[in-house]
Amino acid sequence: MKTAIEIRQNFVDGKISAVEIVTQYLERIKKYDSELNAFLAVFNERALEKAKALDAKREKGEPLGKLAGVPIAIKDNILIEGQLCTCASKMLENYKAPYSATVARLLEEEDAILIGKTNMDEFAMGGSGTHSAFGPTKNPYDLTCSPGGSSSGSAAAVSADLCPIALGSDTGGSIRQPAALTGIVGFKPTYGRVSRYGLVAFGSSLDQIGPFTHSVKDVALMMEVLGKHCEHDSTSLNTTPIRYLEEIESSLEGKRIGVPWHFLEELNGEVKDNFEESIEKLKSLGAEVIDVDLDILKYGVSIYYILSTAEASTNLARFDGIRYGYRTKKAENLESTYRLSRSKGFGWEVKNRILLGTSVLSSSSYEELFAKAQKVRTLLIHKMREAFGKCDCIAIPTAPSTAFALDGMKDPLEEYLQDLYTIGANMAGLPAISVPSGLSAKGKPFGIQFMGPQTHDLEVMRFAYAFESKCPPLSPPQFGAGND
Amino acid sequence: MTDIHYENWEPVIGLEVHVQLNTKSKMFSRSLNQFGDEPNTNIDMVNTGQPGTLPILNKQAVKYAIQFGLAVNAEVARTSSFDRKSYFYPDNPRNFQITQFFNPIIRNGTVTCDVDGHTKHVKIVEAHLEDDTGMLKHFSSFAGVDYNRAGTPLLEVVSAPSMHSPKDASAFAMALKAIMQYLGVAECNMDQGGLRMDANISVRPKGDKTLRPKVEIKNMNSFHNMEMAIEAEIRRQIQAYTLNPNEDHAKAIQPGTYRFDLSTRKTVMMRLKEDALDYRYFPEPDLVPITLQEEEIEALKASLPELPHQRYLRYISDLELPADSASVLINDKYTSDFFEEALPIAKNATSLCNWLISEFLGRFKEKGITLKASNLKSENIGKLVRMIEEKVITGRIAKQVADDMLAHPEKNPEEIVKANPNYQPVSDTGVIEPIVDQILKDNPQSIADYKAGRTKAMAFLVGQVMKETKGKASPSVVNDLILKKISS
């Protein structure tokens with residue numbers, strides 16, 4: 001298993017060609033993905049073409065980008081011009097992207113090799129990867145288990161080392177929770193840090209694109225490339241460039257970590273033990289651990305399912321079978337074109353959330369549900385700010401459990417609660433990172449999450465980087481590179 | 001049969017006017033804001049609602065909205081924001097419109113309307129920015145959508161329900177159009193949908209304070225048709241209340257959305273209010289609020305051009321034009337600018353105003369064209385009036401020259417006169433004198449009247465000579481000759 005930084009270095013140093021790198025990963029995908037179902041599309045030709053071009057570039061001595069030779073997989077809700085972008089939905093099964101997302105462009109500009117599109121919960125709605133129209137993705141650590149979601153394919157692909165880096169999107173925890181469940185690093189940047197242009201919107205005020213990596217330093221590398229202002233996104237931050245890689249090493253001595261112990265009261269068993277061990281590690285790194293009141297987070301899931309579904313119900317209204325996407329052949333008029341196309345094109349969970357969102361926005365429930373949820377969101381932001389007045393960073397488990405069985409979530413509410421610890425960062429637009437923190441007795445990964453104030457992306461990476469150094473690497477999953 | 005006393009009822013009318021702003025690009029994307037091109041050529045990823053696209057606010061449209069707000073003495077919100085309005089229709093590429101529902105950029109203004117020489121003030125409740133839809137085109141076996149119009153910036157101006165006649169309503173809409181044109185923020189080409197009106201109408205017995213159920217007539221793009229529509233709806237409502245005096249108001253007049261059928265001159269129900277769509281408004285998360293700085297607003301205020309009402313007052317006080325003529329001139333920017341350009345050449349404002357309004361606009365009306373479409377040049381009308389003023393031609397000949405100018409708008413009146421011997425005034429006394437002698441001989445009474453101090457008799461005699469010479473005699477020569485002969 002190699003990190004992106006190592007791969008690039010080897011490529012730049014001439015130890016390996018880009019074609020060799022790509023071929024190795026394509027072979028691994030060919031070998032293992034039939035079991036994992038992490039990829040919805042593999043760019044065999046495109047990736048090799050790009051690799052050849054990079055080898056030629058290196059040959060000529062031209063300057064090489066920050067991601068030169070690094071194969072990267074992209075969640076299938078991010079557009080790459082000319083490639084299908086399905087969102088794991090029958091609705092967009094044949095939708096060929098007419099333009100590239102800003103992130104895809106930025107990666108290619110830095111000489112990354114886009115290697116394929118990854119599976120996900122349909123339209124990023126779900127926390128298990130089982131809501132894909134193209135079959136569930138499996139957890140490399142236990143094939144009977146879910147890798148989490150919604151960025152299920154990206155997490156599984158990096159975990160099984162089918163690629164060193166993948167992009168995901170995180171609306172309520174969709175990068176961090178699957179990262180935790182598959183034993184890798186997952187980062188959700190500050191809202192607005194990474195352009196959303198070309199990301200198929202779910203909850204516009206919550207969505208952020210971020211990377212899955214094997215190391216925290218690879219996150220820093222990715223953020224140097226992705227963390228740029230974009231004129232196609234009005235919510236994009238416009239700040240001076242941050243040198244994440246250079247400045248990531250920092251002592252935790254004298255730093256304060258807040259832990260919302262009261263909110264975490266219901267935590268139990270192995271997850272609790274692992275979290276407490278992690279806190280001890282942080283203390284041993286010199287950090288001071290203090291108690292912060294974030295009881296308000298218990299309302300997080302409730303307001304999330306009001307606000308995110310409201311936004312989603314309108315974001316997904318454009319999928320109507322008129323301009324693109326699935327259109328029923330049975331319709332006899334406009335009304336039935338809409339009704340039948342949307343009924344057949346969307347899966348159950350997506351329809352569930354569209355209905356919920358439509359309902360909370362109706363004039364009869366707006367005040368009672370949507371407006372109230374907005375107020376609670378504002379309160380939550382204030383409480384978070386208050387907490388950050390006392391500490392530099394908040395530490396919290398990433399997920400309430402380790403990987404669960406693929407058919408384990410009978411009740412949608414149970415699946416919704418998977419996001420209990422991650423939703424706060426989306427609600428307040430905070431940067432948050434999940435880092436592996438060990439394996440359970442059954443060999444399933446745990447993750448710990450660090451959250452910082454808005455725009456303190458580098459600061460949370462520093463905590464994660466220090467923690468990572470104190471945590472022995474997880475033994476790789478059964479498809480891990482070590483098993484070759 | 002019950003008698004219907006229309007005069008006992010007071011109509012209450014409010015308008016919602018949609019004005020397409022003439023920005024270079026669209027409200028939320030960079031594609032061209034341009035009318036009349038091949039279908040689906042001025043479009044981009046955003047206008048066709050491609051997944052993953054995001055709206056980017058057009059700052060020019062914001063500036064235009066502020067200018068309008070300042071022009072009508074309204075409050076310009078220091079912070080305003082956008083909202084999503086959801087409904088499914090193929091001309092709506094995202095199936096939601098982006099509008100300003102909760103926090104519009106403009107509130108509480110007053111539009112001053114100068115019509116038929118009267119000045120009225122109409123309150124506006126708000127004006128907000130939003131994007132236009134595409135257009136459906138129906139073919140024999142299918143329908144297509146043209147998204148060229150999708151995303152065109154609209155400023156929707158909402159009046160208070162404070163107008164009481166169809167004339168009031170069209171005066172308000174006309175004044176609004178003039179203000180937009182003077183500001184240069186909109187072309188308001190009515191036949192291209194550049195200004196579209198919805199009218200909310202109710203009636204109540206005179207003296208009543210409470211409002212009765214209202215009916216909305218949608219999407220009208222002609223002032224004249226709107227007046228007819230409102231008139232028809234007012235009569236319908238009064239008839240309904242009169243014929244069913246004991247009926248619940250909401251039953252006699254079912255609130256809802258109507259359209260005006262021009263062929264039957266009747267309003268036709270489209271949708272009852274209880275079947276109205278729930279638009280599920282909520283704040284647009286993809287756009288940050290518009291925040292304005294004091295200096296920006298002040299700078300725009302300082303650079304406002306002369307507005308229609310200011311021009312109206314100037315025409316009356318400085319140029320001493322009659323109020324009704326002044327209102328005709330100012331309500332169409334093209335006409336008013338034309339007048340301004342011709343004025344230094346014509347030299348006489350009253351005469352120019354008369355010629356422009358009575359002679360030329362009258363001729364256009366007959367032909368069914370506008371001043372702009374006539375292709376006439378302001379310079380040439382100015383010259384024509386000057387020629388009359390300087391007595392180079394008579395008024396009667398000028399009318400013929402005006403006809404020629406209409407037929408050949410490229411021609412200069414001086415050349416027209418020069419080229420046509422019939423238009424040149426006869427100053428040769430050898431030709432005019434015998435005619436004068438004959439007229440004086442035939443009208444001894446007029447001579448006596450004149451000598452008795454009745455100056456009108458002089459005009460009569462001159463007129464008789466002019467008639468005899470078919471208007472060609474130089475009026476000054478005729479005048480001199482008559483005077484000489486009577487006095488001698």
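The legends below describe close-up views of a predicted model. Local features need pLDDT of at least 70 and side-chain atom pairs count only at pLDDT 80 or more, while totals for chains, interfaces and linings use all residues. Residues are numbered from 1 along each chain as its sequence is written, and chains are lettered from A in the order in which they are written.

**View 1. Strand β2 of chain A and its cover.** Strands (E, at least two residues) and helices (H or I, at least four) are DSSP runs, numbered from the N terminus.

**View 2. Strand partners of β2(A).** Strands pair if DSSP finds at least two bridges between them. β2(A) runs parallel to β3(A), residues 113-118, with 5 bridges; Ile74(A) has Lys117(A) as its bridge partner there. Pairing with β4(A), residues 165-170, is also parallel, over 3 bridges, and in β4(A) the partner of Ile74(A) is Leu167(A).

**View 3. Contact between chains A and B.** Chain A gives 30 residues and chain B 25, where contact means C-beta atoms, placed from the backbone, within 7 Å. The chain B side has 14 nonpolar, 6 polar and 5 charged residues (nonpolar: Ala, Val, Leu, Ile, Met, Phe, Trp, Tyr, Cys and Pro; charged: Asp, Glu, Lys and Arg; polar: the others, Gly among them).

Methods
Contact = placed C-beta atoms within 7 Å. Buried ≥ 20, exposed ≤ 12 C-beta atoms within 10 Å, placed from the backbone.
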